[in-house]
Amino acid sequence: MSRDETSTKLELDRIIFIGRTFEEYLEMFALTEHYLQGKTILDCPAGACSFTAIGRTLGLDVTACDIAYDHPDEDLKQKGKYDIDHAMHHMAKAKNNYHWGYFGDIDTLKQYRLSALHHCTKDMQESKHRYVSAVLPSLPFEDKAFDVVLSAHFLFMYGDRLDYCFHLETLNELLRVANQEVRIFPLVDLEGHRYSYLDKIMSDLRLAGYQVEEVSVPYAFQRNASSMLKIQKETKQK
């Protein structure tokens, strides 16, 4: 694909500390508050998302996990603000890779990202034990510790930097700590291209005994990013 104004890659030189809102999570993963009530939930890697913070106010049992959480809260808050500015600057160059019906414009998008950062860092100060530091593909949790595991904007998004073995090892680790299911969003990279080995990884997971499906979701922002990977453990063979 030519690198013109209609297909400009969102150039980010690193994986950033940025987050989505609770409402975005419900749409990205086709979830409802009712479905999540009474379940133990892991968000990994959670970054600066407000899913854990807002979920707690609604009575949800959510734990956030990210490599960044071993840094001081105030440092993360400042890093988040810098990373949001950094992302918005590059977003302007890649506007045509996105559908703007959800946010309207970049300024509104920035406010969503700042809101998520604010709720996340505030909640980290109030409930530090809910924010666990870890370096994938290894997690410091027991087997089947969580009913539902959510993983947003990490794995397949960085398919040009994280190889197939890392993806498979990480998915197996997420499945290890999941009791019921794992959901992954999105299934495309930063250019909006479907992850090259998605069919292979789905096949490998099915061979391992999991129920795997690609599910359309109501969230539509990045081009071609309107589906998630849903992996259920109920049918895993003993």
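Residues are numbered from 1 along each chain as its sequence is written, and side-chain values use heavy atoms, with hydrogens and water left out. In this predicted model, local features need pLDDT of at least 70 and side-chain atom pairs count only at pLDDT 80 or more, while totals for chains, interfaces and linings use all residues.

Helices (H or I, at least four residues) and strands (E, at least two) are DSSP runs, numbered from the N terminus. Helix 4 has 19 residues and reaches 26 Å from its first C-alpha to its last. This is close to the 27 Å expected at 1.5 Å a residue, where the expected span is 1.5 Å times one less than the number of residues. A residue is called buried under 20% relative accessible area, exposed over 50%, and partly exposed in between (1.4 Å probe, protein chains only). The buried residues of helix 4 are Asp 73, Leu 76, Gly 80, Asp 83, Ile 84, His 86, Ala 87, Met 88, His 90 and Met 91. They pack against helix 5, with contact meaning heavy atoms within 4.5 Å.

Asp 73 is found in helix 4 (residues 73-91). Asp 73 counts as buried because its relative accessibility is 17%. Not counting residues up to four places away in sequence, Asp 73 touches Thr 121, Met 124, Gln 125 and Lys 128.

Helix 5 (residues 106-126) consists of 21 residues, and its first and last C-alpha atoms are 30 Å apart, close to the expected 30 Å. In helix 5, Ile 106, Leu 109, Arg 113, Ala 116, Leu 117, Cys 120, Thr 121, Asp 123 and Met 124 are buried. These residues cover an arc of only 160 degrees around the axis, which puts them on the same side of helix 5; the arc is that of the directions from the helix axis to the C-beta atoms. Asp 107, Gln 125 and Glu 126 are exposed on the other side. The cover over the buried residues of helix 5 includes helix 1 (22-28), helix 3 (51-57), helix 4 and strand 3 (131-133). Ile 54 lies in helix 3 and, leaving aside neighbours within four places in sequence, is in contact with Phe 22 and His 119.

Helix 6 (residues 164-177) has 14 residues, which should span 20 Å at 1.5 Å a residue, and its end C-alpha atoms are 20 Å apart, which agrees. Its buried residues include Tyr 164, Phe 166 and His 167. The buried residues of helix 6 pack against strand 1 (40-43), strand 4 (146-152), strand 5 (178-185), helix 7 (198-207) and strand 7 (227-232).

Rings of Phe, Tyr and Trp (its six-membered ring) pair if their centres lie within 6.5 Å; planes under 30 degrees apart count as stacked, over 60 as edge-to-face and the rest as tilted. By this rule there are 20 aromatic pairs. The rings of Tyr 102 and Phe 103 have centres 4.8 Å apart and planes at 65 degrees, so this pair is edge-to-face. Tyr 102 counts as partly exposed, at 24% relative accessibility, whereas Phe 103 is buried, with a relative accessible area of 5%. Both belong to one aromatic cluster, whose members include Phe 22, Tyr 98 and Trp 100.

A charge sits over a ring if NZ of Lys or CZ of Arg is within 6 Å of the ring centre and within 35 degrees of the ring normal. The charged end of Lys 95 sits over the ring of Trp 100, 5.9 Å from its centre. For Lys 39, the charged end sits over the ring of Tyr 35, with 4.1 Å to the ring centre.
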